[in-house]
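Work through the exercises below with the sequence and the model open. Each task is followed by a solution in steps.

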Amino acid sequence: MASANRRAIVCFTALTLLGFLFIYLTLNSGSVEISWADLGWRHVPYDNMKQQIFWEIRFPRMVAAILSGIALAVSGLSLQTLFRNPLAGPFVLGISSGASFGVALSLLAGLSFGHFGVLGSAAVGALAVTALVMWVSSRFERSSILLIVGLLVGYFIDALVSILIANSDAEALRVYVSWGMGSFGRLTFDGVLIFAGAIALGLVMIVLSLKYLNAVRLGDDFARGLGVNVRRGRLLVLLGASLLAAASTAYCGPVAFVGIAVPHLAFMLFKTSNHRVLLPGSALCGIVLCLAASLFSTVPLNAILSIVGVPIILWVIIRGKGEH
């Protein structure tokens, strides 16, 4: 136990220091050199170009990377535990496809969701799929059914998006493809609080289901034997994970591999199945990975994350074959 505690302390300390290092690098990376004296720490309206670059571009990009890293990592860990499937991720329920469909309706079909623009369209599509999955979850006891439903919904929506793409003009298609690559640079200063509020609400739901997550790894019957309300715990995990993934997708686009790969990174580092350690550990790993990826602003975000994520997933598959 003492050895496990020491390992956890070392890992948390190292990840925290790495996180602060990447925050510093993110805020100071760019073609324009900005010192702390240049900011003046004044509220908008800004009185010089450097303040505007910092508060409108670099600061929101840093916040988007941190919040998306937390959201996708925690969502992925929760869903992998719920489905007892190491390859499950936050988009397994079709949430990413729902967000893509909302954006496709806005950009490719010209259907508007009011003044919210692309972000509002993504949120509407993601939450619509979440509502459907939540309705299905109230009618079935087995979690595997939800996995199948999510995959089917995702395929169906992807087919509808393909039809819209085939009949769209070049400019609308260009914008849609750009959104689909994922980016931490879309968040504005005005949207920071809304994004943070959505992430906080999703995290509260996951934290309230910690007892369920620790018990369900050994099956629903084992969790019931411990007196855990399985239906309530599953609904909280589904709703919390869906909200986290929907918020990240709406503000940053479909960010690849973070939700699938990061929980395995956390497990490799912390060597525990206790979610009271794994949840904050996964969140820190997600923050470090997303902040590091945000530094390569000239390379598509999902390309960087795929380079990191694919080897991890291959390692999980190979290790799983050896174990089973």
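**Exercise 1: a surface patch**

Tyr-24 lies in helix H1, which covers residues 2-28; helices are DSSP runs of H or I with at least four residues, strands are runs of E with at least two, and both are numbered from the N terminus. The model is predicted, so local features need pLDDT of at least 70 and side-chain atom pairs pLDDT 80 or more, while totals for chains, interfaces and linings use all residues. Residues are numbered from 1 along each chain as its sequence is written, and side-chain values use heavy atoms, leaving out hydrogens and water.

Task: classify Tyr-24 by its accessibility and state which residues make the nonpolar patch.

Solution. 
1. Take the classes: buried is under 20% relative accessible area, exposed is over 50%, and partly exposed is in between (1.4 Å probe, protein chains only).
2. Tyr-24 has a relative accessible area of 46%, so Tyr-24 is partly exposed.
3. Patch residues need over 30% relative accessible area and no salt bridge; nonpolar side chains (Val, Leu, Ile, Met, Phe, Trp, Tyr) are joined within 5 Å, like charges within 9 Å. A salt bridge is a side-chain nitrogen of Lys or Arg within 4 Å of a carboxyl oxygen of Asp or Glu.
4. Leu-18, Leu-21, Tyr-24 and Leu-25 make a nonpolar surface patch of about 340 Å², with areas from the Shrake-Rupley method, a 1.4 Å probe and, for residues, only the protein chains shown as cover.

**Exercise 2: a loop serine**

Task: locate Ser-209 and describe its surroundings.

Solution. 
1. Ser-209 sits in the loop between helix H8 (192-208) and helix H9 (210-216).
2. With 2% relative accessibility, Ser-209 is buried.
3. A polar atom of the Ser-209 side chain lies 2.8 Å from the backbone oxygen of Ile-206.
4. Neighbours within four places in sequence aside, Ser-209 is in contact (heavy atoms within 4.5 Å) with Gly-233, Leu-236 and Val-237.

**Exercise 3: the faces of H7**

Task: which residues of helix H7 are buried, and how are they arranged around the axis?

Solution. 
1. In H7 (residues 170-180), the buried residues are Ala-172, Tyr-176 and Trp-179.
2. Viewed down the axis, these buried residues fall within an arc of 60 degrees, so they line one face of the helix; the arc is that of the directions from the helix axis to the C-beta atoms.
3. Ala-170 and Arg-174 are exposed on the other side of H7.

**Exercise 4: the whole chain**

Task: state the secondary structure and the buried share of the protein chain.

Solution. 
1. The protein chain has 14 helices and zero strands.
2. Of its 324 residues, 49% are buried.

How values were computed: A polar contact is a pair of N or O atoms within 3.5 Å; within protein, one must be able to donate a hydrogen and the other to accept it, and residues adjacent in sequence count only if both atoms are side-chain atoms.
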